[in-house]
Amino acid sequence: MDRRTVSGLLQLSDFNKPEFNGRFDEIISAGGIKEQETITEQDLAAYLFERYQRIEDEWIERNATSPHRDEEGATQTTEKMQHRARADAACIFQLLLENAPSEPMPAINAESTLTKRQFQKSLRTLATQIDYSTILPLAASMLLVGSSVGVISPIMPFVAEQLQMSSTHYGVVVSSFALSKMLGNVPSAILVERHGRKPYLVHSLGLVGLGVAGMGVAGDWMQLSACRMTVGLGVAALTTASTLTVADVSTPLSRASTFSPLMSAFAAGMALGPAVGGMLHDAYGIRDTFLMVATSYGVAAAWNHASVAETKKNGEWWEKDVLPWHDFPSSKRDAIITSTKDKSQPESSLAATISEALKDTAEQWSSLVADPKIRPVFVMNGFYMLSLSGTQFTLLPLILTGGGVATSTGTAAGLALAASAVGQLYAAMSVVQVLANPAAGRFADRVGKKPAIVVGGTLTSLAMASLPVIVSYYTGGATLSDVDWPLLAGTLGVWSLGGTLLATSHVAAISDAVDDSRRSQGIALLRTAGDVGYLCGAISAGLAADFAGDVGLAMQGGGAILFGSTLWFGLKTLALNRSDRSSKG
C-alpha cells in the first residue's frame with residue numbers, strides 16, 4: 001500500500017500534530033474505551049470499518065434511484081467491508097510499526113501497540129519520505145534539459161551581436177519567452193489536469209526542441225522572438241507537468257525536499273552545459289550548436305516516454321462508481337457505471353468547453369488571490385522574476401560579454417569575455433545551485449517557506465547590486481588581469497544561493513497552502529505572476545540600459561526592486577503571523 005492511499009484512508013491533509021492527535025483519538029474511540037492511550041491493529045480495523053460504512057452510505061445515496069442496487073446482500077456486503085478493513089489495517093499498522101521511533105520492529109500480533117507519540121512520529125516519518133522511484137527518472141530528464149539550456153546560455157549574447165541587436169531588442173527577445181509561457185500556463189494547467197502528467201512531460205520537449213532549432217537559423221530579432229515564443233509554450237507545459245508530478249508524490253512535510261532533486265539535476269545540467277556550449281560555439285558556430293541542442297531535447301523526450309511514470313490518479317478506489325465489496329455481475333456493474341456517467345455527462349460536457357474551463361479558472365484564481373495568506377507569495381514571485389529577467393537573463397550576459405565605457409559613469413561597461421569564459425562563470429553559478437539545492441529544501445521545510453523566501457530575496461538582491469560595482473572598479477576600463485575573480489565568483493555564488501532558496505520556496509509554499517483540487521491552478525497562477533514579471537523585467541531592463549547608457553546602473557535598479565519587494569514580503573508575513581497568534585490567543 002502506497003503512502004498516498006494510507007493518507008487518504010486516514011484522511012490526512014495537513015500532516016501536522018493536531019491532525020495526527022485527532023486521528024489517534026478517533027482510532028481509540030472506534031476500538032473502544034481503554035485504560036491506556038495506545039492503539040492496536042484491531043482498533044485501526046474498527047476505525048477503517050466505520051469509514052467504509054460511511055463510504056458505502058454515500059454510495060447508496062448517490063445510487064438511490066438506480067434499479068441495479070442489490071438490496072438482498074447487506075450481510076455479505078458488511079462481511080466483505082469488515083474483511084477489507086482488517087486487510088487494510090494490517091498493511092497500515094505494519095507500516096506504522098516499521099517507522100515507529102526507538103522500537104525494534106515487532107511482528108504483528110494482538111499485543112502490538114502504538115502510543116500517541118509513536119503514532120505521530122511514524123506518520124511524520126512516512127510524510128517526510130521522498131518517492132525516489134518517481135523522482136529519479138524525472139531528475140535524469142531534468143539533467144538532460146538543464147544541460148541543453150546551459151549550452152545555449154553563453155551563446156545568446158553572441159547571437160545578439162551577430163544580429164546587431166540593441167539592449168532593447170535583446171530585452172524584447174528575452175521577454176517573448178515569458179509572454180508565450182504566460183499565455184500557455186492556463187491551457188497547460190487544464191490539459192495536464194485532464195490528460196495526466198506524462199504526455200506533457202514528453203510532447204513539451206519536442207516543442208522546445210523545435211523552437212531551439214529555429215533559433216539557430218533565425219535571421220533577425222523578430223524571427224528569434226518567434227522561436228523563443230515556441231520554446232515558451234513548451235516550457236509552460238513542461239514546468240506545469242513536472243511541478244504537479246512532484247506535488248502528487250509529496251506531502252507538505254516533504255514538498256520542498258522532493259523538489260530539490262529535480263532542481264539539483266537541472267542545476268547540474270546547467271553547470272555542465274555552459275562550458276560545453278562555449279566550446280561548441282568556438283568549434284562549430286551558432287547554427288550547428290543550436291541544432292545539436294534541439295536534438296538533445298528529442299533524447300530527453302524519448303527518455304521521459306520510456307522511464308517516467310504517470311502520477312495522476314483518476315480517483316482512489318473509494319471514489320469509484322463500484323466499490324471493492326460490491327459483488328455485482330459484470331453486466332450489472334457496467335450498467336451502474338454507465339448510469340453514473342450518464343448522470344454526470346451534462347456537467348462534464350460543459351466543463352469540456354474552453355469558455356467554461358476559463359470561467360472555472362478565473363473563479364479559482366479570484367479565490368486564490370483573495371486569500372491574504374498566499375497573495376503575498378504570488379506578488380513576491382512576480383517581483384522576483386521581474387528582477388531576475390532584467391538582471392540575470394538580460395543584463396548579466398551583456399556585462400560579461402560587452403566592452404567599452406559606460407557613458408553615464410565613465411567606467412567599464414563589461415568584461416568582453418569569450419563564449420568559453422562566459423560558460424565557465426555560468427557553470428560556477430550552477431555548481432552552487434547543485435550543492436545548495438538539498439540544503440535549501442531542508443532549510444525551507446524546517447524553518448518555513450516564507451522565511452526562506454525572505455533570506456533568498458535578500459541574498460540575491462545584494463548580489464545584483466554588488467556585481468556592477470565589482471566589474472566597474474576592478475576593470476576600470478583596463479585589462480581582464482585587473483578583475484578580482486574570487487570576488488566576482490563569490491558574488492555570483494551568493495546570487496545563485498539566493499535564487500535557489502527562492503525557486504524552491506515559492507512553489508512549495510503554494511503547494512502547501514492549497515488543496516488538491518486547486519493546486520494545479522494555484523501553481524499556474526504562481527507561474528503566470530512570474531511570467532508577467534519576466535515579461536516586464538526584460539523589456540524594462542533593456543530600455544533602462546539604453547536610456548541611461550549604463551548596463552551596470554540598470555542592474556542595480558533591478559537589485560533595488562527585489563530588495564524592496566523582499567522587505568515588503570517580510571513585513572507582510574510578520575503582520576499575518578501576529579494576526580494569526582492574536583486570533584488564536
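Reply: A patch, as the word is used here, is made of residues with over 30% relative accessible area and no salt bridge, and like charges are joined within 9 Å. Please keep in mind that the model is a predicted one. With that in hand, the surface shows a patch of positive charge in which Lys17, Arg117, Lys121 and Arg124 gather. The element that gives the most to this patch is helix α5, which spans residues 116-128 and supplies three residues. Arg117, one of the residues in the patch, lies in helix α5 and has a relative accessible area of 48%. Arg117 therefore counts as partly exposed, because that class lies between the 20% limit for buried and the 50% limit for exposed.

A residue elsewhere in the chain, His506, sits in helix α18, which covers residues 485-513. His506 has a relative accessibility of 2% and so counts as buried, since buried means under 20%. If its neighbours within four places in sequence are left aside, His506 is in contact with Val377, Met380, Asn381, Tyr384, Ile453 and Leu526.

Ala439, to take one further place, belongs to helix α16, made up of residues 419-447. With a relative accessibility of 38%, Ala439 counts as partly exposed. Ala439 and Ser257 are 182 residues apart along the chain, yet their C-alpha atoms are separated by 8.5 Å.

Terms used
Residues are numbered from 1 along each chain as its sequence is written. This is a predicted model: local features need pLDDT of at least 70, side-chain atom pairs count only at pLDDT 80 or more; totals for chains, interfaces and linings use all residues. Side-chain values use heavy atoms; hydrogens and water are left out. Patches are made of residues with over 30% relative accessible area and no salt bridge: like charges are joined within 9 Å, nonpolar side chains (Val, Leu, Ile, Met, Phe, Trp, Tyr) within 5 Å. Accessible areas come from the Shrake-Rupley method with a 1.4 Å probe; for residues, only the protein chains shown count as cover. A salt bridge is a side-chain nitrogen of Lys or Arg within 4 Å of a carboxyl oxygen of Asp or Glu. Lys and Arg count as positive and Asp and Glu as negative; His and the chain ends are not counted. The place of a charge is taken as NZ of Lys, CZ of Arg, CG of Asp or CD of Glu. Helices (H or I, at least four residues) and strands (E, at least two) are DSSP runs, numbered from the N terminus. Buried means under 20% relative accessible area, exposed over 50%, partly exposed in between (1.4 Å probe, protein chains only). Contact means heavy atoms within 4.5 Å.
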